[in-house]
Amino acid sequence: MSAPAGFGKTTLLTEWLAAAPAGGRALAWLSLDARDNDPASFWTYLVAALQMAEPGTGAGALSLLQSTQSPMETVLATLINELDALSTDVVLVLDDYHVIDSREIHEQMAFLVEHLPPQLRLVIATRADPALPLARLRGRGELVEIRASDLRFTPDEAAEYLNGTMGLTLTARDVAALEGRTEGWIAALQLAALSMQGRDDAAGFIAGFGGDDRYVVDYLVEEVLQRQPDDVRGFLLRTSILSRVTGSLCDAVTGQDGGAAMLAALERGNLFLVPLDDHRRWYRYHHLFADVLHARLLDEQPDGVADLHRRASDWYEHNGERSEAVQHAMAGGDLERAADLVELALPALRQGRREATLRRWLEALPEELLRARPLLSLAHAGTLLMYGEVDGVETRLRDAEQWVAATAAARSSAADVDDTLIRRVRGEAALYRAAQARMRGDAAGATAHARRVLDVVGDDAPLERGAAAGLLGLASWMTGDLEPAHRWWADAVTNLEKAGHYADMLGCTIALADIRIAQGRLHEAMTSYEQGLRVAMAHGPAVLRGAADMHVGMGGVLAERGEPGAALQHLLTSKELGEQAGLPQNRHRWRVAMARLREAEGDLDGALDLLDDAERVYTPDMFPDVRPIPALKARLRLARGELGAALGWARERGLSADDDLSYLREFEHLTLAKVLLARHTAAGDDHSLSEATALLKRLLRAAEDGGRTGSVIETLVLQARARQAQGDLPAAVTSLRRAVTLAEPEGHVRVFADEGPSLAALLRAVDKAGTARTHVRRLLAAVSATEGDAPAHQGLIEALSERELGVLRLLGTELSGPDIARELIVSLNTVRTHTKNIYAKLGVNSRRAAVRRAEELGLLPRSTVRGRAAHPDR
C-alpha cells in the first residue's frame, strides 16, 4: 500500500483487518520509525510483533539476534523456517516502511519476500515504493497493490465524511471545492473539517484553503492546536519530542500525572494519535502532526527542549532502554551523558551486532570527548576496521594510548598503573593494531602486535587471547609457514570455546581446514569440517549458520578426492540453507566449489559462469587469498583452448618465470607454468617449455621447504608433463610416480584429472611399475573422462535445478519425506514443493515413477531404491 502521507493507509488497514473474518488468522503489526534502520533493532521488533500474534514464534530467531556473532542472514533463515512450521496463518503489517533507508534491511526484506512461507501474508504500508523486487513479484502475480489513486476520496465519499462523520453542513458546491483542492487527500480533509467546526463562514474558509501546500497544513494544525485547552496543548507540545508515547513516559517528560488518561482522551478526540499495540499502551502521533507540534515547541519554548530530552533519557535508562536514552541525551545536547551511556551500552551493542548504531553515535560525539574516553576511541577504531576502513583508525588508537600514558604518569604505584581498565585499553589497542597491520599486508607488524596482546591481557581473557592467536595464525599463513599457522588457529579455537564464542570457532575451522588442504592433508581437513558441523548442530540457532560453510568445505574436499556425487550433495545442502546463512565469504566459496564440479563434468561454460559470479560476489576477509578467482578462471580458459585469454591474464598480473616466489602467489605461478606448457604445446615454443621447467623446479623446492604437500603434488604432475614434452620419459615417470605416492594416502584425484587424457600414458607407465596400483587406476579413469560421461538430460520437459537434483537423489534412497527434510536441513514443505516440481518436469505422478524415469535418463544410478522407498509416496 503505497501513497503519500495522510491518505489513510493505516486507517484502511485497521478497518480491513477488523472487517475480515478471523478464520484462525493472527495479526502482527509493527509501526516503524527512523531509528529502526539498525538491522538488529528492526528484526528484534519484527519478531516481537510476530510473538504478540503467535506466542513463541521466532524464538530461535530472537535467540540469534541476541547472540554475539550470528549474522542477520542466519536470523532470516531461522525465522523463515519457524514461520513455515506455523499451523496458523499470520498477517504481518509493516506500517510506515518508508522510514527505512538501510540497504541491509532492504536486502534482508527482499530475502524474506522471496522465501515467504505460505502461512504468512506480508502487508507493507509506505509513502514510497520500497526497494524490493516488486516487478518480479508483479510479473508472478504475487503482489497486490493499493496506491494513492485507490485511496483518494471521491466527491461522494468526501461529502459523506465531511457532513456525516464530522457533522458539518456543507453545500454540494463547498464539498466539491474542498475535495477538488485537496485532491481527495483525507488528512487535509480531516484537518479542514476540524478547523471548520464551530465556524459560521465555512464557504469563506474553503475559498481561502489550499490543501496541496504544506504551509497550509501547518496552519490548519495550528488552528486545531489553538482550539485545545491549555493543558491539552501543553501536553501535546511537550511530548512531541517523543517518537512513541506511553502514560508513564509522558508523566516523566511533562512532570505531571495522568499521562495515560490524557492519551486515551486524545485518541477519542481523533487528535492524530495512532495506537501501536492492542492494549492501547503505546502510541505515536501522526507524522505530520508531530512535525508541526515539534516546530511549535521550538518556537514557543526553545529553552525547555533540552530539559524535556533529559527527562526522556532518564526514563528510558531507568526502564532499561539504553538505546533510546542515548538518543534523547544527544538530542538534548547532553553529550557527556550520552558518552557515559554509550560506554555502558558497548557490550550489548557488540553482542547485538549493532555496529551501525554504535558508529553513528560515536561519530556524533565531539572529538574532545572521544579523545578523553579510551573505550570509545577503541570502539570507534573497531567499527572502522569492521567496515574494512583503515583511515582514521590510527588517530583513535593514538588517542587511547595517550590516555594510558597520561594516566600512568599521574599515578604513583605500579599496582595503580596495571589496573583492569588500563590492561583492557592496552590489550584492545594492540589487538586493533594487529588487525590494522594485517589489512595492510604487514605480517611482521601483525605478529608483533598480536604477541603484545597475549603479554598484556593475561589468561583470564579468552576472547582477546583467541583473537590474538587468530591474528598470529594469519601472519604465519601469509608467509607460508603453515604448521605454526595451524597451531595458532587451534589455540584460537580453544580460547574461543572457553569464551563461548562458538560461531567464531567455525570461522577458525575454515582456516584450519584450508591450511590442511594446502598441506595436502585432505582427511584432516574433512575431519575439521565434520567437527565444525557437529559444533554448528549442537549449539543451537546462534551457531547453526556455520553449517552452510561446513557443507561447502566438505563438498570441496570431496570434489578434490574425485567424489562428485557426494560433493554435490553437500553443496546442495549448503545452497538449501541459503547463501545468507553462512559467513559473507560463503557466497563466493560455494560458487568456486560448484564450478569445480562443473569442470569435472566437462561443463566448462557453466564452470566459467560460476567463477564470473563468484568474482562478482567476492567479499575479502582477513584470510590470505591464496587461490585467487582470476587464476582459477585462467585455468578454465586453458581447458577451453583459450590460450590467448590465459596469456592475457598472466600479463595483467605481471607474472614471469623469473619472479621472486612467495606463498601468496604460489597458485598464480603454478597457473603460469600451466600457461607456458600450453603455449609450448600450441606453438612448439621451446623457450616457454624451458621457462616452465625452471619455474617448476623452483616452485617444487619452495613447496617442499614449506611443507605444502598439496602444492608439491601439483608441481610434480606439471613437472612430469614438462619432462614428457622434453622427451625425457624416465624422468617424467619418476616425477609422476612420486606425485602418485604422495597423493594416494589422502585420495587426491582432481589434480591429476585436470590434465586430461594427455597424462594417461604416463599413468599407465606408473601402473606397470607397481606404484599404488589401485589409486593409479582411479586416476586413469578420471583423466580419461570426457564431457560425454556427464549424465544425460535429454527427454526432460524442463531441466531440473540443482536443488531439485539433490532432492531427486534422496528420493532414490530409503529416506522418508521428513528424513529428507532433516538431511537437507529444510522444512518438509520445501521438500514437497521440490518434489512436486520434479514430478512435473519428469512427467510422472509418484515417487517410484520419478526414480524409474530418473534412472532411464541417467540422472540416478540403477537399483538405488530400497527399504522405505518401496513406499514411493511417503
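Which residue lies over the face of Trp-282? In this predicted model, that residue is Arg-244, at 4.3 Å from the ring centre. Here is a short tour of the aromatic rings around this contact and elsewhere in the chain.

- Trp-282 belongs to one aromatic cluster together with Trp-315 and Tyr-316.
- Within this group, Trp-315 and Tyr-316 pair edge-to-face, with 5.1 Å centre to centre and 85° between the planes.
- Trp-315 counts as buried because its relative accessibility is 12%, under the 20% cut-off.
- Tyr-316 has a relative accessibility of 0%, so this residue is buried as well.

**A pair across the chain**
- Trp-489 and Phe-623 also form an edge-to-face pair, at 5.7 Å centre to centre and with 80° between the planes.
- This pair links distant parts of the chain, since its two residues are 134 residues apart.
- Trp-489 sits in helix H28 (residues 482-499), while Phe-623 is in the loop between helix H35 (604-617) and helix H36 (629-639).
- With 5% relative accessibility, Trp-489 counts as buried.
- Phe-623 is buried too, at a relative accessible area of 16%.

**Charges over rings**
- Arg-244 takes its place over the face of Trp-282, a member of the cluster above.
- Lys-575 lies over the face of Trp-590, and the distance from the ring centre is 4.5 Å.

Note on methods
Residues numbered from 1 in each chain as written. Predicted model: local features only at pLDDT ≥ 70, side-chain atom pairs only at ≥ 80, totals over all residues. Heavy atoms only, no water. Phe/Tyr/Trp six-rings, centres within 6.5 Å; stacked < 30°, edge-to-face > 60°. Buried < 20%, exposed > 50% of the residue type's maximum accessible area, 1.4 Å probe, protein only. Helix = DSSP H or I, 4+ residues; strand = E, 2+ residues; numbered from the N terminus. Lys NZ or Arg CZ within 6 Å of the ring centre and 35° of its normal.
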